[in-house]
Amino acid sequence: ADRNGPQLSETQMASSGISAVPQQMTLDELIDSPSALNYEAIIIILDGRSTHRLIAGFRAQWDKAGVRDRPVIVAAYAGLVLERWLGGLADRIDADIVCANSKADAASFRKAARALGADESAILQTGLTIFNATPRTDVSAVPKKVVFAAQPSVPALRRERLYVLQRLFDYARRHPDREVYFRPRHKPGEKAFNREKFPYTVLIEQFFDEAPENF
């Protein structure tokens, strides 16, 4: 759950093959639930503020109850680290393990951990936890399908987003034998923690007469 309630829409659940509503709890309910102690590890993949709240809440509850045999707390990122990385790290630094998406992130995190007096050995380079695809090695092969995945705030300006769309359309027209897929951040009306100021789907309707057939 987040500040606006559950983020899973019926469309998202149906497209992912989920037939039953997964268990959903508020952060406070999760912190107060004794079921957390049933696990050997708790992996938190949320925004920074929610992650900090969970870690602090769990530790406070367990210290109060005198719990000694507790789960290992693992904090990861729900997306790429694009900005405010130091604040994001500070929200996760009290976890037993902090997952870094890349070698560069891990190096920055360890340097910051030393400055903060935290244990830099807790920083573990794992890659982005929501990606599990095997990297392709046949990079010389001619692509047949190209996917562009939109981000909520990069680029941020409307003219920059229009430029991205124009380049994608131009690419599709230059290569009619290829399929160009555009993956929006979310559909209009769906709840999201990071909201788009200029949704691509709206920009296409407002500024383009039609999209290429292979887009």
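**Charged and aromatic side-chain contacts**

What Asp47 does have is a polar contact, side chain to side chain, with Ser50 at 2.9 Å. As for location, Asp47 sits in the loop between strand E1 (41–45) and helix H3 (48–65). All of this is read from a predicted model.

Elsewhere, charges do find partners, and the count comes to five salt bridges. One of them joins Arg53 to Asp28, with the closest N and O atoms 2.8 Å apart. Since Arg53 belongs to helix H3 and Asp28 to helix H2 (residues 27–32), this pair ties together parts that are 25 residues apart in sequence. Both ends are partly exposed, Arg53 with a relative accessible area of 40% and Asp28 at 42%.

Arg70 and Asp96 make another salt bridge, at 2.9 Å from N to O. Here the link runs loop to loop across 26 residues: Arg70 is in the loop between H3 and strand E2 (72–76), and Asp96 in the loop between helix H4 (85–92) and strand E3 (97–100). Arg70 is partly exposed at 29% relative accessibility, and Asp96 is partly exposed at 25%. Then there is Arg114 with Glu120, also a salt bridge, at 2.9 Å from N to O. Arg114 comes out partly exposed at 48%, and Glu120 partly exposed at 29%. Shared partners also join Arg59, Arg70 and Asp96 into one salt-bridge network.

On the aromatic side, the whole structure holds nine aromatic pairs. Phe148 and Phe182 are stacked, 5.7 Å centre to centre with 20° between the planes. Phe148 is partly exposed at 25% relative accessibility, whereas Phe182 is buried at 17%.

Phe182 also pairs with Tyr200, and this pair is edge-to-face because the planes stand at 65°, with the centres 5.1 Å apart. Tyr200 lies in helix H7 (residues 200–207), 18 residues from Phe182 in strand E6, and both residues are buried. Zooming out, ring pairs link Phe148, Phe169, Phe182, Tyr200, Phe208 and Phe215 into a cluster.

Finally, charge meets ring at Tyr77: the charged end of Arg92 sits over the Tyr77 ring, 3.8 Å from its centre.

Conventions: Residues numbered from 1 in each chain as written. Predicted model: local features only at pLDDT ≥ 70, side-chain atom pairs only at ≥ 80, totals over all residues. Heavy atoms only, no water. Phe/Tyr/Trp six-rings, centres within 6.5 Å; stacked < 30°, edge-to-face > 60°. Buried < 20%, exposed > 50% of the residue type's maximum accessible area, 1.4 Å probe, protein only. Helix = DSSP H or I, 4+ residues; strand = E, 2+ residues; numbered from the N terminus. Lys NZ or Arg CZ within 6 Å of the ring centre and 35° of its normal. Polar contact = N/O pair within 3.5 Å; in protein donor to acceptor, adjacent residues only side chain to side chain. Salt bridge = Lys/Arg side-chain N within 4 Å of Asp/Glu carboxyl O.
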